[in-house]
Amino acid sequence: MSMERILLVEDDAEIREGVRILLESEGYQVSEAENGRSGLNLLNDKTDLVILDIMMPGMSGLRTCEEIRKVSNVPVLFLTAKVQESDKLIGLMAGGDDYLTKPFSYAELLGRVKALLRRYKVYMGKANNDAQPDHYIEISGIKVNRDFNEVFVNNEEKMLSDIEYHILLLMMSHPKKIFSAQNLYESVWNEPFFYTCNSTVMVHIRKLRVKTEADPQEPVYIKTVWGKGYKFDAGSE
């Protein structure tokens, strides 16, 4: 079994070294970059995860993530010294899948890394991209592969992040079921839900609507049920 490849983009040499030693001790193959531009040069289709510092000189982590999202839906874990909820949401809006606030414990970092890689391997279907017709869910113009991250809206392929894909797959697997923010977070992130997680779910729902709806302000697929949560309804009401 080949080692999973992690790209670490961090301008602090001490943090870079500590994270690299930790990850290599767990059997991961690590590539390092000290800035966003160098990180983009190292990114390729064999990269399984990007760990990305937000505050870097030159090209910021947010800008770097936006550039990554133009060519790849590889999961991105942000490292940030900012603790405001609004700062974290900006990172998610830029295309990040998760974030970790500095200072962090190595145990917490490793937990986030393993969770993101686990979801990526399961839902990207790297081992087998030969999907059969019954491996798809198709409802009212949206077609989603059950096995890996492949999504079409009215026959146009859409690039979704791992989290966005997982949310959409879950909701389309149970059309018209109302999912609370807690339901979605605990099912997709596989972590305990806290009140602040509600904003994280809301940001990803917003991003998913931008990619799947003709008018994200008037969604026909992913609807808000006020006071309860969200449901996939395909405009049947």
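Lysine 177 lies over the face of phenylalanine 179, at 5.2 Å from the ring centre. A charge counts as over a ring if NZ of Lys or CZ of Arg is within 6 Å of the ring centre and within 35 degrees of the ring normal. The model is predicted: local features need pLDDT of at least 70, side-chain atom pairs count only at pLDDT 80 or more, and totals for chains, interfaces and linings use all residues. Residues are numbered from 1 along each chain as its sequence is written, and side-chain values use heavy atoms, with hydrogens and water left out.

**Charge over ring**
- Tyrosine 136 has the charged end of lysine 143 over its ring, 4.5 Å from the centre.

**Aromatic pairs**
- Rings of Phe, Tyr and Trp (its six-membered ring) pair if their centres lie within 6.5 Å; planes under 30 degrees apart are stacked, over 60 edge-to-face, and the rest tilted.
- There are three aromatic pairs by this rule.
- One of them is the stacked pair of tyrosine 185 and tryptophan 189, with 4.7 Å centre to centre and 10° between the planes.
- Tyrosine 221 and phenylalanine 232 are stacked, because their ring centres are 5.9 Å apart and their planes are at 15°.
- Tyrosine 221 is in the loop between α8 (197-212) and β10 (222-225) and phenylalanine 232 is in strand β11 (residues 229-232), so this pair ties together parts 11 residues apart in sequence. Helices (H or I, at least four residues) and strands (E, at least two) are DSSP runs, numbered from the N terminus.
- Tyr185, Trp189 and Phe193 are linked into a cluster by ring pairs.

**Burial**
- Buried means under 20% relative accessible area, exposed over 50%, and partly exposed in between (1.4 Å probe, protein chains only).
- Tyrosine 185 is buried at 7%, and tryptophan 189 is buried at 1%.
- Tyrosine 221 and phenylalanine 232 are also buried.
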